[in-house]
Amino acid sequence: MAASVAPLSTVRVLAATAILALIPAQAAQAATAVALDKSAPTTQLYGTTASVNLRASNAAGADRAYNVSFRDVLPAGVSYVATTTPGAGAPTVIANQPATGQTTLLWPNLGDLSASSSYTLSYTVAHDPGVLAVGTTYTNSAGVYAQADPRILPKFTAAGAPIAASYTDS
């Protein structure tokens with residue numbers, strides 16, 4: 001009988017050791033994992049406006065993303081329609097950046113994202129019929145920037161370019 005008890009005792013110790021080994025791995029902190037989804041109509045009637053939605057999300061199990069900031073660069077012939085970002089406020093509008101005719105829009109520090117959460121920024125753009133002809137396609141590029149440290153804000157140059165050392169996730 002004693003021989004059959006010893007293996008059971010050994011198995012129990014190994015199982016307890018294995019469980020204890022998993023606890024530090026589960027307790028380890030995850031990094032922020034901010035992602036950006038952008039949506040806009042695929043077609044727009046000539047001379048009308050279009051809604052743009054930028055959705056920042058933080059992954060399940062990720063650390064909190066602080067001071068979430070958005071940047072969008074509109075191409076020549078496309079402009080931001082004032083007062084179309086309820087809740088977020090008007091962006092900083094930087095004309096002719098990063099290139100002549102383009103417009104950079106900045107919405108700094110709109111809030112924080114906990115794990116498995118998201119924030120949607122909606123705004124409206126208009127195109128200039130004198131610059132963009134019927135059938136023209138245009139593309140704008142957007143980014144989201146966040147910090148792992150709540151005391152540090154993502155920063156941008158005077159031209160609207162993100163400063164890499166000021167954010168930890170984009």
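Of the 170 residues of the protein chain, 31% count as buried, where buried means under 20% relative accessible area, exposed over 50% and partly exposed in between (1.4 Å probe, protein chains only). The model is predicted, so local features need pLDDT of at least 70 and side-chain atom pairs count only at pLDDT 80 or more, while totals for chains, interfaces and linings use all residues. Residues are numbered from 1 along each chain as its sequence is written, and side-chain values use heavy atoms, with hydrogens and water left out.

The protein chain holds one helix and eight strands, and its pattern along the sequence reads α-β-β-β-β-β-β-β-β. Helices (H or I, at least four residues) and strands (E, at least two) are DSSP runs, numbered from the N terminus. Among contacts in the protein chain with a separation of 6 or more, 72% come from residues 24 or more positions apart; contact here means heavy atoms within 4.5 Å.

Strands of a sheet pair through backbone hydrogen bonds, either parallel or antiparallel. Two strands pair if DSSP finds at least two bridges between them; β5 and β6 (residues 103-107) are joined in the antiparallel sense over four bridges. Isoleucine 94 has threonine 104 in β6 as its bridge partner.

Strand β3 (residues 66-74) carries arginine 71. Arginine 71 is buried yet has no salt bridge, and the nearest side chain of opposite charge, aspartate 72, is 8.0 Å away. A salt bridge is a side-chain nitrogen of Lys or Arg within 4 Å of a carboxyl oxygen of Asp or Glu; Lys and Arg count as positive, Asp and Glu as negative, and His and the chain ends are not counted. Instead, a polar atom of the arginine 71 side chain lies 2.6 Å from the backbone oxygen of glycine 160.

Glycine 160 is found in the segment after β8 and is buried, with a relative accessible area of 0%. Leaving aside neighbours within four places in sequence, glycine 160 is in contact with Arg71, Ile94, Thr104 and Leu106.

Definitions and conventions
Polar contact = N/O pair within 3.5 Å; in protein donor to acceptor, adjacent residues only side chain to side chain.
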